Amino acid sequence: RLESLADPGSVAVSDIVHDVVGRRLHAGFESLGEHSVTNITEPVRAYRIRGEGETAAPVPPPQAALSGGPTQIICASALFQHVLEQARAVAATDATVLIEGESGVGKELVARRIHEHSRRHRGPFVKVDCASMPPERFESEFFGQAAGALPGVLREHVGRLEQAERGTLFLDHVEEIPLELQVKLLRPLQDATFERVGDGRTRRA
């Protein structure tokens, strides 16, 4: 549908492509306005890639906007503005949220925005770097450990789940957790119950 908007021999791209890769291409863009596309509810903004020798003025980049809230996020992308709107909407629920994206795109900032707009905003925001956690320490770090559970362990250890009680637990690089250990997080994520290492008492957080 977008291709039909362009002149013969040229290419039309959506606003998504323009925002994400437009600045990396050695080409100018000319706006074709908003258009309705089948199976997409919102209008699609289309741009035509100008050919060599054309002198039409390029489309100016979108203006940067400063988001509200304690965690300030400056963004110029309409797509990221939509992400922030989704974050605010899901913050009103108790849902477990999966935030995907390449390293450095702002996943932790989005997680903090969800926390700050939730009813748990007065509680702690606990970040866990799963990539740096040794597999042998996984259970004690997440679920805690009772005193005397292991030789030489004289004091109890409060796990990250309890530390994040009435707050938010942010698991960074969760995909780095070995598969055989990921399954152990299933029950805590589903019903918020767990047991400390060396203690059979079921706890809730």
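Predicted model: local features only at pLDDT ≥ 70, side-chain atom pairs only at ≥ 80, totals over all residues.
Phe 80, Leu 84, Ala 87 and Ala 91 are the buried residues here. Viewed down the helix axis, the buried residues of α2 fall within an arc of 55°, so they line one face of the helix. The cover over these residues includes β5 (74-75) and α3 (107-116). On the other side of α2, Glu 85 and Ala 89 are exposed.

Attention now turns to Arg 196, which sits in the loop between β8 (193-195) and β9 (202-204). With a relative accessible area of 6%, Arg 196 is buried, because the cut-off for that class is under 20%. Its side chain is joined to that of Glu 156 by a polar contact of 2.7 Å. Beyond its neighbours within four places in sequence, Arg 196 is in contact with several residues, among them Phe 143, Gln 145, His 157, Glu 162 and Arg 203.

Most residues other than glycine have a negative phi. Arg 166, however, has a positive phi, near 60°; this residue lies in the loop between α5 (160-163) and β7 (168-172) and is exposed, at 68% relative accessibility. Ala 192 also shows a positive phi, of about 60°, without being a glycine. Ala 192 belongs to the loop between α7 (186-191) and β8, and is partly exposed, with a relative accessible area of 21%.

Key: Residues numbered from 1 in each chain as written. Heavy atoms only, no water. Helix = DSSP H or I, 4+ residues; strand = E, 2+ residues; numbered from the N terminus. Buried < 20%, exposed > 50% of the residue type's maximum accessible area, 1.4 Å probe, protein only. Polar contact = N/O pair within 3.5 Å; in protein donor to acceptor, adjacent residues only side chain to side chain. Contact = heavy atoms within 4.5 Å. Arc of directions from axis to C-beta.
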